[in-house]
Amino acid sequence: MVLAERTRPESALHPTVQPDPLARARLSGDGPSEAEIPTIAAWFEDRPAEEVVAWALRLFGSGCPLVCSFQNCVLIDIATRIDDQVEVIFLDTGSHFVETLAFVQDVQARYGLNLKVITPGADADTWPCGSERCCEFRKVLPLDRALTDRTAWMTGLKRVDTPARAHAPVVGWDTTRGMIKVNPLARWSHDDLARYESDHRLPVHPLRGRGYLSIGCSPTTRPVTPDEDVRAGRWPGSRRTECGLHTA
Ligand code: SF4
């Protein structure tokens, strides 16, 4: 990665290199500034996901939870190999498939996860499942509350997920929340994910084999046919493609 080597800022922390500025930042509880993020993103663009996760967890520690939808457990597998106490946040909207909840329990038991289950506030009752602001009250606002006082958050977002995610950086700035967003799998393809699951013998969401290739809440997710896009089954009959968690 010649360009990154040539332009590497002191603050672009390589997992095996601990420049003083970032060591100080960690001790003081500060992270890189928004202005530093593009350079750090360039540094990590071609690096393995494991290095990105290691950087984030070593730099931010408990200030960087992993937010997981439990459609798969690839990022959990990577992260727990680095820090088996990494905090994993699951947004329980109250409308998940029973298979998803069972998968959460299976993965938690397998890894002994430091799992934090977030539930909606009473204000969500105003918006029934699938309604216009349902995701806002069952996902976005609960996550905002969970990320209060954190420095960063980590997600399994991939560029291939949706056109809106096509340019997602490996390390970016979440403008909505004013914090760092780490997407270690951003460059991964669906095949990369499947290969990792196979190579590491990971458990697979029980609905995957029934055509559910992107899995959200049960009222707004259907299986897809082989000729459909992976996410064609999300919010069927609606123009919505995102729940609002990944607007930045
Ligand atoms: S995915 Fe569907 S049911 Fe779940 S919070 Fe969003 S709109 Fe509501």
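Analyst: Happy to! Let's begin with contact: two residues are in contact if their C-beta atoms, placed from the backbone, lie within 7 Å. In this predicted model, V52 is in contact with F44, R47, V170, V171, V182 and P184, leaving aside neighbours within four places in sequence.

User: How do you know how far the predicted model can be trusted, and what is its average pLDDT?

Analyst: The chain averages a pLDDT of 87, and 88% of the residues score at least 70. Over residues 1–28, however, the pLDDT is below 50. That stretch has 33 contacts in the model beyond near neighbours in sequence. Where pLDDT is low, the predicted coordinates should not be read in detail.

User: Thanks. What is the overall make-up of the chain, in helices and strands?

Analyst: There are 8 helices and 6 strands. Read from the N terminus, the order is α-α-α-α-β-α-β-α-β-α-β-β-β-α. Of the 248 residues in the chain, 38% are buried. Among contacts between residues at least 6 apart in sequence, 68% join residues at least 24 apart.

User: What makes α4 "mostly covered"?

Analyst: A residue is buried if 20 or more other C-beta atoms lie within 10 Å of its own, and 9 of the 12 residues of α4 are buried. They are A49, V52, V53, A54, W55, A56, L57, L59 and F60. As for its length, α4 reaches 16 Å from its first C-alpha to its last, close to the 16 Å expected at 1.5 Å a residue. G61, with a positive phi near 55°, follows α4.

User: Why is Y212 called buried?

Analyst: Y212 has 23 C-beta neighbours inside 10 Å; the cut-off is 20 or more, so Y212 counts as buried. Y212 lies in the segment after α8. Not counting residues up to four places away in sequence, Y212 touches L207, T221, P223 and G233. P223 and Y212 are 11 residues apart in sequence, with their C-alpha atoms 4.3 Å apart in space.

User: What is the phi of F70, and what is the phi of D149?

Analyst: Phi is near 60° in F70, a positive value in a residue other than glycine. D149 is also a residue other than glycine with a positive phi, near 70°. Most residues other than glycine have a negative phi.

User: Is F70 buried or exposed, and is D149 buried or exposed?

Analyst: F70 has 23 other C-beta atoms within 10 Å, so F70 is buried. F70 lies in the loop between β1 and α5. D149 has 7 other C-beta atoms within 10 Å; the limit for exposed is 12 or fewer, so D149 is exposed. D149 is found in the loop between α7 and β4.

User: Last one, about the ligand: which residues come nearest?

Analyst: C134, C135, R138, C217 and T220 come nearest, of the 13 residues around the ligand. By class, the shell holds 6 nonpolar, 5 polar and 2 charged residues.

Terms used. Residues numbered from 1 in each chain as written. Predicted model: local features only at pLDDT ≥ 70, side-chain atom pairs only at ≥ 80, totals over all residues. Near = placed C-beta within 6 Å. Nonpolar A, V, L, I, M, F, W, Y, C, P; charged D, E, K, R; others polar. pLDDT = per-residue confidence, 0-100. Helix = DSSP H or I, 4+ residues; strand = E, 2+ residues; numbered from the N terminus. Expected span 1.5 Å × (residues − 1).
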